[in-house]
Amino acid sequence: MASTLKYSMVIFFASALFLQGTLGNFICEDLPTNVCGFAIATSGKRCLLENSAGEDGKVEYQCKTSEFVVGNMKEHIETDECVDACGVDRNSVGISSDALLDSQFTFKLCSPACYQKCANIVDLYFNLSAGEGVYLPDLCNKQRSNPHRAMIELSSNGAALEDVADAPAPSPVSF
């Protein structure tokens with residue numbers, strides 16, 4: 001039993017050292033597709049999962065570098081805990097602000113487990129919502145107090161409560 005534990009620990013540390021060396025300087029195209037979504041390359045650009053037809057005509061997935069730069073994060077692969085807490089799918093091809101129209105998704109995104117602990121995902125959806133004229137912290141506050149009304153305002157594009165161009169970066173919402 002003790003030798004099995006030692007062997008497991010050696011394998012764990014060897015894997016950790018390998019991953020640290022591999023992930024210490026990475027580009028999206030080198031990432032496996034199962035960790036591509038919500039990753040940020042050394043350049044600070046977001047990684048996106050894309051699909052294309054393979055030589056045999058079957059759909060293949062590839063991790064690609066987007067043009068979207070994250071200002072304060074680099075070399076980041078989102079944790080499974082954040083993916084689960086925020087209700088996102090790492091295997092989604094492309095990202096859309098349409099998810100914000102889903103009250104269950106918005107509930108998870110605005111939950112303390114996501115909004116206060118998963119800055120990468122919150123930053124992404126902050127920027128997507130801003131593109132729709134919606135200030136995410138206000139949407140989350142409305143979602144907490146009146147989820148149905150928040151979705152009506154968002155779907156009618158009436159949730160632009162502040163001038164998004166002058167809006168500060170996202171900060172944790174008080175729950």
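Here's a short tour of a hairpin, a helix and a helix pair in this predicted model.

Stop 1: Select residues 45-53, strand β2, and residues 59-69, strand β3. The two strands run antiparallel, with eight bridges joining them. Now slide along to the turn, where five residues lie between β2 and β3.

**Stop 2: helix α6.** Jump to residues 119-131. This helix has 13 residues, and from its first C-alpha to its last it reaches 18 Å, close to the 18 Å expected at 1.5 Å a residue. Which residues of α6 are buried? Colour N120, I121, V122, L124, Y125, F126 and S129 and you have them. Before moving on, look at G133, which follows α6 and has another backbone feature to check: a positive phi, near 80°.

**Stop 3: α4 against α7.** Select residues 103-110 for α4 and residues 136-145 for α7. Draw the axes if your viewer lets you: they come within 10 Å and cross at roughly 110°. That angle falls in the 65 to 115 degree range, so α4 is roughly perpendicular to α7.

Next, show side chains at the contact. From α4, take S103, T106, F107, L109 and C110; from α7, take L136, L139, C140 and Q143. What classes of residue meet here? Colouring by class gives six nonpolar, three polar and no charged residues.

Conventions:
Residues are numbered from 1 along each chain as its sequence is written. This is a predicted model: local features need pLDDT of at least 70, side-chain atom pairs count only at pLDDT 80 or more; totals for chains, interfaces and linings use all residues. Side-chain values use heavy atoms; hydrogens and water are left out. Axes are lines fitted to C-alpha atoms, for helices over the stretch in contact, and angles run from 0 to 180 degrees between N-to-C directions. Helices (H or I, at least four residues) and strands (E, at least two) are DSSP runs, numbered from the N terminus. Angles under 35 degrees count as roughly parallel, over 145 as roughly antiparallel, 65 to 115 as roughly perpendicular and the rest as oblique. Contact means heavy atoms within 4.5 Å. Ala, Val, Leu, Ile, Met, Phe, Trp, Tyr, Cys and Pro count as nonpolar, Asp, Glu, Lys and Arg as charged, and the others, Gly among them, as polar. The expected span of a helix is 1.5 Å times one less than its number of residues. Buried means under 20% relative accessible area, exposed over 50%, partly exposed in between (1.4 Å probe, protein chains only). Two strands pair if DSSP finds at least two bridges between them.
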